[in-house]
Amino acid sequence: MTEPPGRRERKKAATRQKIADTALRLFLERGYDAVGIREVAAEADVAVTTLFSHFASKEALVFEQDEDFEQRLARAVTGRAPHEPLIPALRREIHALVRHCTADGAAPTWRMIDESPALRKYEESMRLRHAETLAAAIDADLELSRTATASRTIARFVIDAYALAREAADPEAAVDEIFPMIEAAWEARRPSVRAWE
């Protein structure tokens, strides 16, 4: 008998969340470097192969919402209403991501990340990948008509805005301070219309 559509995906998502929650709890209790993959799998009551079918590396266990964040950034571009300006849409999404990542209880996780060279390196590679995905979404939107370089630049600015705001004493105010600069950079690359056209 086959499972109805949706049930299998829900079970996979629940297993993934259980593994991530278990890993984070163990990392925070014992220290990131003191906990091995086998311990996480055993504590989550899954096989090591099951863990690796959900997470490509030990570092990925800490950044379990990585793919969701990446997709949300792309959707901030592709899901805009017709003729909605790009930068306000990205600003809203960065505000939402910053609120999520600075919510109560997040500080110990970020402290752990900041103290681990392996996690900082993984976070940097993740941010570069997010910037490339965001740049591709911007570049694919013909209504925006900017060069690939301009799209990549703005994408990097947006990803850096997230990182800077997350580390700021007042994350919301930091987003509000940074985004006018991003908007100015975006507008500076607006294609000019020649007077004789």
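Glu-132 pairs up with Arg-156 in a salt bridge, with 3.8 Å between the closest N and O atoms; the term covers a side-chain nitrogen of Lys or Arg within 4 Å of a carboxyl oxygen of Asp or Glu. Since Glu-132 sits in helix H8 and Arg-156 in helix H9, the pair ties together parts 24 residues apart in sequence. Helices here are DSSP runs (H or I, at least four residues), numbered from the N terminus. Glu-132 comes out partly exposed at 34% relative accessible area, and Arg-156 is partly exposed too, at 37%. On this scale buried means under 20% relative accessible area, exposed over 50%, and partly exposed in between (1.4 Å probe, protein chains only).

The model is predicted, so local features need pLDDT of at least 70 and side-chain atom pairs count only at pLDDT 80 or more, while totals for chains, interfaces and linings use all residues. Side-chain values use heavy atoms, with hydrogens and water left out, and residues are numbered from 1 along each chain as its sequence is written.

Arg-127 forms a salt bridge with Asp-160, at 3.9 Å between the closest N and O atoms. This pair links distant parts of the chain, 33 residues apart: Arg-127 is in helix H8 (residues 117–140) and Asp-160 in helix H9 (residues 148–167). Arg-127 counts as buried at 17% relative accessibility, whereas Asp-160, at 35%, is partly exposed.

Glu-93 and Arg-72 also meet through their side chains, at 2.6 Å from N to O. Overall, the count comes to 16 salt bridges.

Note on methods. Helix = DSSP H or I, 4+ residues; strand = E, 2+ residues; numbered from the N terminus.
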